[in-house]
Amino acid sequence: MEANNDVALDIIITNVVSVFRTRCHLNLRTIALEGSNVIYKPEVGKVLMKLRKPRITASIWSSGKIICTGATSEEEAKLGARRLARCLQKLGFKVKFTAFKVVNVLAVCTMPFHIHLIQFTKNNRPIASYEPELHPAASYRIKNLKATVQVFSTGSITVTGPNVRHVAMAVEQIYPLLFECKSTMR
Amino acid sequence: MMGSGRKCPDCGSSNVVEDDLYSQPQLVCTDCGSVVSEGQLTTTRSEEVQGTIVRYSQSTAVDKQPCRNQIKGLKRVRALCRILRLPPVIEETSESLFAQAYESTDFLHVSLPKKETLAGCCVLLGCRMQGWPVTMGTVTSLLDTDSCLMGTVYKMVVSTLKLESPHTNIMDLMEGHCREYHLSPPGVPEEFCESADRLASRASALVELASDTWLMTGRHPVPVMVASVYLAWLSLKPSPARLKLSLGRFCQMAKVAVPGPASKRVTELKEVLCRLGQELPWQKGAVVSPQKVAALVGDVLKHRISLLKRAIRSHEDALAMDSVSGTEGLDVANTPSSTLPLSLCTDGVAPICEDLPIGSSPCSEGQPDFHQSQLPTPHAEGCQTAQSVRDSEDVVVTATGSAKNPEVRGEPARGSAEHWGKRHPFVPPCARNPSKKPRLAETGPEVTGDEEISDSEIEGYLRTPLEMREFAETQMKLQSDSY
């Protein structure tokens with residue numbers, strides 16, 4: 001990912017959350033009985049199914065709504081979701097793969113410098129907030145991208161956004177702000 | 001009062017008038033007062049026209065009363081302000097903040113504990129806005145709530161009221177904090193007594209050192225304060241009796257709670273002090289052990305800025321030696337540093353500089369190509385404030401004035417996969433010892449998301465009929481056992 005001033009930063013996507021609907025009612029007991037790698041949670045009313053190949057955990061509700069977490073890219077999330085739908089089809093349900101959407105992407109990135117959090121908060125007053133008594137990181141919300149960046153003093157940042165493109169744009173947007181407050185030894 | 005054409009049966013006068021008794025129409029003789037006739041007492045509401053000139057709501061209208069919880073909350077705010085002995089300005093600010101927040105839509109359908117916590121959050125916000133040092137922990141314990149709830153409600157208040165919450169200066173907190181320690185004669189042996197003022201000044205200096213060396217940023221302030229008070233107490237009279245007392249015992253004696261991370265902070269602070277103590281000229285480079293460092297703390301704090309610079313320089317030299325002996329063909333750009341604060345202060349000019357990254361700026365030549373693990377940033381040299389330069393540095397400075405110019409490192413060897421944290425002597429502790437492997441992007445299979453899914457891939461996720469039967473039988477058995 002290229003930022004403005006010729007710096008190459010590694011943005012590592014750690015989690016992609018996606019949802020899709022099967023447009024049919026699912027019998028959770030049947031899934032729990034006939035599927036392997038399945039955890040049935042009757043108290044919550046859902047079934048957790050874990051896939052191996054794209055490492056994905058899916059929460060399956062009886063209404064047919066399914067949430068998949070654990071993928072490391074959007075394509076992998078889609079493949080995993082489709083595999084899951086196919087699995088449910090094999091179990092005997094009339095499953096349709098509809099309304100697939102990537103809902104949340106979590107990425108981490110490490111800046112090659114450490115960051116003075118109080119100065120960062122002062123420079124970006126209303127958008128950034130830092131409460132050391134509550135959380136060690138300063139949080140910065142980018143409204144137009146709907147992304148949240150958590151900035152740690154060691155230079156690591158975690159970015160959450162609605163998709164990978166927004167996450168990349170968020171990193172590009174925040175890099176110059178972080179660079180201003182990079183380490184100064186007093 | 002026109003008389004109706006009737007004659008009074010008693011006195012025979014014709015002066016009979018209509019004189020209603022409330023809602024009962026009556027004909028009364030004016031001469032003798034007898035009631036000639038009367039109508040029905042019960043009438044319908046629409047027939048009753050007396051007393052309807054003024055509307056009911058106008059006659060009994062009352063100003064909108066604040067609801068019970070709001071009144072209770074305001075009382076709680078006032079009580080908190082009295083307990084904390086806050087000036088009237090802060091009390092008024094907190095009350096107005098509470099009224100605003102309570103009436104906003106965000107706090108409309110909020111649970112009762114949150115409303116109770118809201119009072120404390122408004123007090124805290126009022127204190128912060130006026131610069132009065134109060135920690136969140138104090139307010140949380142006064143309200144007797146959960147700290148997570150406190151944090152949530154505080155953030156809600158700040159976002160609802162669209163205010164900026166200024167940070168509490170830890171130096172202001174220090175004095176109040178030091179007064180909590182019971183270190184005076186009656187309960188405590190003579191050996192361990194210490195005055196709050198001396199303790200506060202030394203602990204403040206230690207906290208400043210901690211913030212200089214990246215031990216403060218991102219950390220909860222209270223454990224750092226406790227750690228620095230403990231180390232200050234040790235160093236003010238480093239007798240064997242005092243040195244034997246551990247942090248836990250010290251806090252028990254002083255009747256102060258020990259926060260969880262405090263012992264880690266003590267270790268980190270001692271490490272920093274050891275490294276700085278090593279740079280003291282009379283130590284002659286001997287390694288200082290954490291057990292012995294308490295005696296040197298006073299000297300280290302007195303000359304801390306020049307010691308920091310010396311430590312950075314010797315770290316750089318050590319790195320240079322390693323890389324020269326380790327790899328060949330190292331392309332090291334040895335550029336003498338630009339205006340060094342050291343030389344400036346010997347001239348008597350004390351700059352107040354904030355950011356001074358030497359040689360590197362976003363637009364400098366030869367942009368280093370950052371890859372996650374290779375970091376060439378020539379770190380910034382120390383900056384000083386005017387006061388600290390003049391204070392006591394002169395002795396140490398002249399002693400080291402003849403030292404070689406610090407060398408600023410250019411691009412390091414491409415092959416070194418060292419974490420950038422190792423290049424700097426003072427970094428946040430987790431960056432110095434990255435125990436985890438550096439995170440590499442796991443290159444999963446190259447997928448497009450729309451590939452064909454074969455049956456064999458799915459078979460693994462389905463149970464065979466035999467497995468299903470066994471599973472069902474086991475479930476039945478478990479259920480029957482549980483009954």
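In this predicted model, helix 3 (residues 88-103) of chain B and helix 4 (residues 112-130) of chain B have axes that come within 8 Å and cross at roughly 135°. Helix 3 of chain B and helix 4 of chain B are therefore oblique to each other, and helix 3 of chain B passes helix 4 of chain B in a right-handed crossing. From helix 3 of chain B, the contact is made by Val89(B), Ile90(B), Thr93(B), Ser94(B), Leu97(B), Phe98(B), Ala101(B) and Tyr102(B). From helix 4 of chain B, the contributors are Lys115(B), Leu118(B), Ala119(B), Cys122(B), Val123(B), Leu125(B), Gly126(B), Cys127(B), Met129(B) and Gln130(B). By type, the residues of this contact of helix 3 of chain B with helix 4 of chain B divide into 13 nonpolar, four polar and one charged.

Helix 4 of chain B also meets helix 5 (residues 136-143) of chain B, where the axes come within 10 Å and cross at roughly 150°. Angles over 145 degrees count as roughly antiparallel, and helix 4 of chain B and helix 5 of chain B are therefore roughly antiparallel to each other. The crossing of helix 4 of chain B and helix 5 of chain B is right-handed. Here Glu116(B), Thr117(B), Gly120(B), Leu124(B) and Arg128(B) in helix 4 of chain B touch Met136(B), Val139(B) and Leu143(B) in helix 5 of chain B. The residues of the contact of helix 4 of chain B with helix 5 of chain B divide into four nonpolar, two polar and two charged.

Next come the cysteines. The structure holds zero disulfides over all chains. Cys81(B) is in no disulfide, and the nearest cysteine sulfur, that of Cys127(B), lies 6.8 Å away. A disulfide is counted for a pair of cysteine sulfur atoms within 2.5 Å. Cys127(B) is among the residues of helix 4 of chain B that take part in the contact with helix 3 of chain B.

| Residue | Relative accessible area | Class |
|---|---|---|
| Cys81(B) | 1% | buried |
| Ser204(B) | 17% | buried |
| Cys148(B) | 55% | exposed |

Buried means under 20% relative accessible area, so Ser204(B), at 17%, is buried. Ser204(B) is found in helix 8 (residues 196-212) of chain B. Not counting residues up to four places away in sequence, Ser204(B) touches Met171(B) and Met174(B). Cys148(B), at 55% relative accessibility, counts as exposed.

The totals for each chain follow. Chain B has 483 residues, and buried residues make up 41% of them. The secondary structure of chain B comes to 19 helices and five strands. Of the contacts in chain B with a separation of 6 or more, 65% are accounted for by residues 24 or more positions apart.

Chain A has 186 residues, of which 52% count as buried. There are four helices and ten strands in chain A. Read from the N terminus on, the elements of chain A run β-α-β-β-β-β-α-β-α-β-β-β-β-α. Among contacts in chain A between residues at least 6 apart in sequence, 59% join residues at least 24 apart.

Technical notes
Residues are numbered from 1 along each chain as its sequence is written. Chains are lettered from A and ligands numbered from 1 in the order in which they are written. This is a predicted model: local features need pLDDT of at least 70, side-chain atom pairs count only at pLDDT 80 or more; totals for chains, interfaces and linings use all residues. Side-chain values use heavy atoms; hydrogens and water are left out. Axes are lines fitted to C-alpha atoms, for helices over the stretch in contact, and angles run from 0 to 180 degrees between N-to-C directions. Helices (H or I, at least four residues) and strands (E, at least two) are DSSP runs, numbered from the N terminus. Angles under 35 degrees count as roughly parallel, over 145 as roughly antiparallel, 65 to 115 as roughly perpendicular and the rest as oblique. A crossing is left-handed if the near helix is turned anticlockwise from the far one by less than a right angle, and right-handed if clockwise. Contact means heavy atoms within 4.5 Å. Ala, Val, Leu, Ile, Met, Phe, Trp, Tyr, Cys and Pro count as nonpolar, Asp, Glu, Lys and Arg as charged, and the others, Gly among them, as polar. Buried means under 20% relative accessible area, exposed over 50%, partly exposed in between (1.4 Å probe, protein chains only).
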